[in-house]
Amino acid sequence: MTAFLILGATGSVGSRLARRLIDNDCNVFLAARNAERLQALASELCCPSAHVDASDPGSFVKCFEEAAGTLGEIAGAANCIGSLLLKPAHTTTDDEFHATINTNLFSAFATARAAGQTMKRNGGSVVLVSSAAARIGLPNHEAIAAAKAGIEGLTVAAAASYAGRGIRFNAVAPGLTRSQMTRHIWEKKTAAEASVRMHALGRLGEPDDVAAMIHWLLSNESSWITGQVFGVDGGLSSVLGRTSMAR
Ligand SMILES: NC(=O)c1ccc[n+]([C@@H]2O[C@H](COP(=O)([O-])OP(=O)(O)OC[C@H]3O[C@@H](n4cnc5c(N)ncnc54)[C@H](OP(=O)(O)O)[C@@H]3O)[C@@H](O)[C@H]2O)c1
């Protein structure tokens, strides 16, 4: 069975991806920060697991090694770790900025580096997660937009470095998706309605919308695709919102 590593596996997107891969007869190695949530998910899905934390650089390569040691050579990895800071630059502290960069950009870099160090024989697919905020100016997104734009640069550079080894690097860039991270937005009626209006397709994303694209990018169906960033965003980054309805 094909084996994949999911970092940030306990998150809304990460756990949807795990279920999708398992439903498609893949082996999955789960990696996440919160030990209790990881243990619960690993028991429920009967998957091997390990601890990963963006503030512990060595934990990434350990996860890749343990995944390969447990399941055999992995065919790919997805980094679903992330956070959301909604503040304009002038109220963002140094600590908040660095934490945002660490959780989002550094975790993606550590994933790419660990893939380069460990996926040496058969190539594979690595998927990173950016955000629509990297491509369209959204107010109060300066730190997270900077971190996610960095992930898009990382994606194309790593795609170039590792193409010769058959490792593909792609990213997905979600719009507002109904996950744990954004619960404080979509649970409030007025904030949810305003957010929906920004997405031309007239709804917020579901974790499975994002997981489906990651799944496809991990699979051989996308074997001729590398160095790309795919908006999974209901049109947020490229299409005017619901203010401009067709008649
Ligand atoms: N939801 C959206 O609207 C949206 C939009 C654009 C991009 N994204 C991106 O989509 C990806 C998936 O997020 P999600 O929507 O599924 O949110 P989520 O449910 O909140 O999942 C985020 C995951 O990141 C993990 N995490 C946070 N800080 C970490 C750290 N320092 N070290 C290791 N793990 C850490 C969390 O683990 P713990 O359980 O330990 O906290 C959690 O598993 C993220 O990259 C996010 O930035 C989401």
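Where does Asn-34 lie, between β2 (27–32) and which helix? I start there, and the other points follow.

1. Asn-34 lies in the loop that joins β2 to α2. Elements here are DSSP runs numbered from the N terminus, with helices being H or I of at least four residues and strands E of at least two. Asn-34 is partly exposed, with 13 other C-beta atoms within 10 Å. The cut-offs are these: buried if 20 or more other C-beta atoms lie within 10 Å of a residue's own, exposed if 12 or fewer, and partly exposed in between, with C-beta atoms placed from the backbone. Asn-34 and Asn-79 are 45 residues apart along the chain, and their C-alpha atoms are separated by 15 Å.

2. A word on the source before going on. This is a predicted model, in which local features need pLDDT of at least 70 and side-chain atom pairs count only at pLDDT 80 or more, while totals for chains, interfaces and linings use all residues. Residues are numbered from 1 along each chain as its sequence is written.

3. Now the ligand. It is surrounded by 30 residues, and the closest are Gly-11, Arg-33, Gly-82, Ser-179 and Met-181; a residue is near a molecule if its C-beta atom, placed from the backbone, lies within 6 Å of it. Sorted by class, this shell has 16 polar, eleven nonpolar and three charged residues. Here Ala, Val, Leu, Ile, Met, Phe, Trp, Tyr, Cys and Pro count as nonpolar, Asp, Glu, Lys and Arg as charged, and the others, Gly among them, as polar. Helices α1 (12–23) and α4 (94–118) each give the shell at least two residues, and the largest share, three residues, comes from α1.

4. You will want to look at how α1 meets α8. Helix α8 (residues 207–218) packs with α1 at an angle of about 55°, with the axes 8 Å apart. Axes are lines fitted to C-alpha atoms, for helices over the stretch in contact, and angles run from 0 to 180 degrees between N-to-C directions. The two helices are therefore oblique to each other: angles under 35 degrees count as roughly parallel, over 145 as roughly antiparallel, 65 to 115 as roughly perpendicular and the rest as oblique. The crossing of α1 with α8 is right-handed (right-handed if the near helix is turned clockwise from the far one by less than a right angle, left-handed if anticlockwise). On the α1 side the contact is made by Ser-12, Val-13, Arg-16, Leu-17, Arg-20 and Leu-21, and on the α8 side by Pro-207, Asp-208, Val-210, Ala-211, Ile-214 and His-215; two residues are in contact if their C-beta atoms, placed from the backbone, lie within 7 Å. Of these residues, seven are nonpolar, two polar and three charged.

5. Helix α4 has packing partners too. With α3 (residues 58–71), α4 makes an angle of about 45°, and the axes are 8 Å apart. That angle makes α3 oblique to α4, and their crossing is right-handed. Among the contact residues are Phe-60, Phe-64 and Ala-68 of α3 and Ala-110, Ala-114 and Thr-118 of α4. By class, this contact has seven nonpolar, three polar and one charged residue.

6. With α5 (142–162), α4 packs at an angle of about 15°, with the axes 9 Å apart. These helices are therefore roughly parallel to each other, and they cross in a right-handed sense. The contact includes Phe-97, Ile-101 and Phe-109 of α4 and Ile-144, Ile-151 and Tyr-162 of α5. Its residues divide into 13 nonpolar, four polar and two charged.

7. Also in α4 is Phe-106. With 19 C-beta neighbours inside 10 Å, Phe-106 counts as partly exposed. Leaving out residues up to four places away in sequence, Phe-106 touches Ala-54 and Ile-101.

8. Two backbone angles deserve a check. Most residues other than glycine have a negative phi. Cys-46, in the loop between α2 (35–45) and β3 (49–51), has a positive phi of about 55°; Cys-46 is exposed, with 8 other C-beta atoms within 10 Å. Asn-140, in the loop between β5 (124–129) and α5, has a positive phi of about 70°, and is partly exposed with 15 C-beta neighbours inside 10 Å.
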